[in-house]
Amino acid sequence: MPSFEIICLANSIKHGGRCIAGLKTDASGWLRPISTTRDGTLYEEHYTLEDGSEPQLFDVLRIECTQPYPSCHQPENWVINDRRQWQRLGKPDLALLRRVINPEVMQHRAAKTLLGNTDAKIAYDILQTRPIAASLALIKPKSLSWRIIDIKQSKKIKSCFKLGNSCYNLPVTDPIWRKQLESLEVGEYTAMEVINQLALQHFEPDQFLLTISLSEPFDDSCCYKLVAAVTNINVIKHELGI
């Protein structure tokens with residue numbers, strides 16, 4: 001069975017489980033491992049590593065799969081071998097980051113669209129007619145701010161940013177980042193205000209990286225763009241000793 005090594009760039013909330021994805025270390029693009037459940041959601045028994053922990057951003061993982069399972073809205077999907085635990089191989093070195101991460105970020109820097117258009121969603125019937133080329137992207141946004149809203153006494157987090165000449169306002173599904181921002185009052189915060197209020201170490205306001213993922217179809221038959229992971233270039237450099 002084929003196995004892949006990826007740099008983990010998303011471990012986000014999905015239907016009571018997780019959606020995990022990363023860029024392959026051979027620089028051949030994205031991989032989204034999925035389970036055999038109806039919507040491919042991963043649960044603890046799928047993604048728990050050999051040491052009992054779960055994947056973290058920028059872990060290098062080895063994942064054994066059984067077969068590709070591309071769809072019109074998620075062409076990067078591969079079904080995992082659920083009899084084999086995933087392996088953590090360590091962290092990427094500078095050479096690997098430059099070979100794999102830098103080109104991904106650079107190609108989106110001045111892009112006119114994000115995952116196919118400039119909207120926050122794509123109608124599923126359109127995708128069935130014109131399948132999307134990619135459902136994942138790693139971007140370095142401009143004019144980043146964070147919006148915390150209260151819906152039925154539950155806080156929702158949105159990321160507001162500019163990419164190319166377009167502005168986006170997307171839900172955040174990164175569980176770690178959501179938990180941190182939920183401690184703040186309802187309102188909108190600049191990147192610097194979030195860093196200061198949460199006392200985040202090594203974060204720089206203009207060095208955020210966001211992993212954007214296209215969702216499964218919702219009840220309105222649309223697939224939504226989600227911020228599946230939030231990190232910061234300065235933090236990565238500090239953690240990896242670069």
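Analyst: Fine. Keep in mind that this is a predicted model. Leaving aside neighbours within four places in sequence, N77 is in contact with R32, I34, P68, Y69, P70 and S71.

User: Which element is N77 in?

Analyst: N77 belongs to strand β5, which covers residues 77-80.

User: Buried or exposed, that N77?

Analyst: N77 is buried, because its relative accessible area is 5% and the cut-off for buried is under 20%.

User: What joins the side chains of N77 and R32?

Analyst: A polar contact between the two side chains, at 2.8 Å.

User: Now the core. How many residues are in the largest nonpolar one?

Analyst: The largest nonpolar core has 34 residues. Those with the most contacts inside it are L114, W146, F161, W177, F208, L210 and I212.

User: Which elements give two or more residues to this core?

Analyst: On the strand side, β8 (136-139), β9 (142-151), β10 (154-163), β11 (166-171), β13 (208-217) and β14 (222-232). The helices are α4 (175-181) and α5 (191-197).

User: And which one gives the most?

Analyst: β13, with four residues.

User: What does L210 touch?

Analyst: Not counting residues up to four places away in sequence, L210 touches A137, L138, I139, P141, L144, W146, S159, F161, V227, A229 and V230.

User: What lies apart from that core?

Analyst: Another core, of 19 residues, lies apart from the largest one. Among its members are L23, I101, V105 and L209.

User: Switching to rings. How many aromatic pairs?

Analyst: The count comes to eight aromatic pairs. One of them is W146 with W177, a tilted pair at 5.2 Å centre to centre with 55 degrees between the planes.

User: Where do those two sit in the chain?

Analyst: W146 is in strand β9 and W177 in helix α4, 31 residues apart, and the pair links distant parts of the chain. Both W146 and W177 are buried.

User: Why is the F203 and F208 pair called tilted?

Analyst: The planes of F203 and F208 are at 45 degrees, so the pair is tilted; under 30 degrees would count as stacked and over 60 as edge-to-face. The ring centres of F203 and F208 are 5.7 Å apart.

User: Are F203 and F208 buried or exposed?

Analyst: Both F203 and F208 are buried.

User: What links W146, W177, F203 and F208?

Analyst: Ring pairs link W146, W177, F203 and F208 into a cluster.

Notes:
Residues numbered from 1 in each chain as written. Predicted model: local features only at pLDDT ≥ 70, side-chain atom pairs only at ≥ 80, totals over all residues. Heavy atoms only, no water. Buried < 20%, exposed > 50% of the residue type's maximum accessible area, 1.4 Å probe, protein only. Polar contact = N/O pair within 3.5 Å; in protein donor to acceptor, adjacent residues only side chain to side chain. Contact = heavy atoms within 4.5 Å. Core = buried A, V, L, I, M, F, W, Y, C linked by side-chain atoms within 4.5 Å. Phe/Tyr/Trp six-rings, centres within 6.5 Å; stacked < 30°, edge-to-face > 60°.
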